[in-house]
Amino acid sequence: MDFFDTLFFNVFKHYKPTKKQKANTIALYYISTLQCSLLLLSGIFLSSFLNEMNSFRVSSESAWTLFIILCIVIIFRNWFYYSGKKRKILNAKLNSKKNSEEYNIYLLWSLLAASIILSITMLYFI
């Protein structure tokens, strides 16, 4: 299991007792938003690095189009990956582990907020 699987199941397990029907949807929104914001952040760093190196340059329109396409791919990939049998298999593997990593839900939501805020500020200043 990778890092994003662990984050997904931490959010899923937190909301499962209180919001039985919506726990999977909340966790899907969380992990997709986190991955898209990290994609934006890495794209901004790559763009500024290539700009400083006077290397390969992509137009702003093309970069935003590529970002939107990759976000759609991430959303559909997560939807397929975490909605069916695969989620049940990963959940069984996670439950069978004795020392599974548990993260505080406030830490997880602050990680998401920090990545979004950092991406937006980097986009504004660069």
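The structure is a predicted model, in which local features need pLDDT of at least 70 and side-chain atom pairs count only at pLDDT 80 or more, while totals for chains, interfaces and linings use all residues. Residues are numbered from 1 along each chain as its sequence is written, and side-chain values use heavy atoms, with hydrogens and water left out.

The secondary structure of the protein comes to five helices and zero strands, where helices (H or I, at least four residues) and strands (E, at least two) are DSSP runs numbered from the N terminus. The elements accordingly read α-α-α-α-α from the N terminus on, and the C-alpha trace spans about 50 × 25 × 25 Å along its principal axes. Of the 126 residues in the protein, 31% are buried, a term that denotes under 20% relative accessible area, with exposed meaning over 50% and partly exposed in between (1.4 Å probe, protein chains only). The accessible surface comes to about 8,800 Å², of which 66% belongs to carbon and sulfur atoms; such areas come from the Shrake-Rupley method with a 1.4 Å probe, and for residues only the protein chains shown count as cover. Among contacts (heavy atoms within 4.5 Å) between residues at least 6 apart in sequence, 80% join residues at least 24 apart.

Helix 1 has 13 residues, which should span 18 Å at 1.5 Å a residue, and its end C-alpha atoms are 19 Å apart, in agreement with that value; the expected span is 1.5 Å times one less than the number of residues. The buried residues of helix 1 include Leu-7, Phe-8, Phe-9 and Phe-12, and what covers the buried residues of this helix includes helix 2, helix 3, helix 4 and helix 5 (105–125). Leu-7, which lies in helix 1, counts as buried because its relative accessibility is 2%. Leaving aside residues up to four places away in sequence, Leu-7 touches Tyr-30, Ile-31, Leu-34, Tyr-103, Leu-108 and Leu-111. Leu-7 and Tyr-106 are 99 residues apart in sequence and 12 Å apart in space, C-alpha to C-alpha.

Helix 4 (residues 85–96) has 12 residues and reaches 17 Å from its first C-alpha to its last, close to the 16 Å expected at 1.5 Å a residue. Its buried residues are Arg-87, Leu-90, Asn-91 and Leu-94. Seen down the axis of helix 4, these buried residues fall within an arc of 105 degrees, so they line one face of the helix; the arc is that of the directions from the helix axis to the C-beta atoms. The face turned away from the buried side carries the exposed residues Lys-85, Lys-88 and Ser-96, whereas the cover of the buried residues includes helix 1 (3–15), helix 2 (23–52) and helix 3.

Thr-18 is placed in the loop between helix 1 and helix 2 and counts as exposed, at 61% relative accessibility. Asn-54, in the loop between helix 2 and helix 3, is likewise exposed, with a relative accessible area of 70%. The phi of Asn-54 is near 55 degrees, a positive value in a residue other than glycine. Most residues other than glycine have a negative phi.

Phe-80 is found in helix 3 (residues 60–83) and is exposed, with a relative accessible area of 60%.
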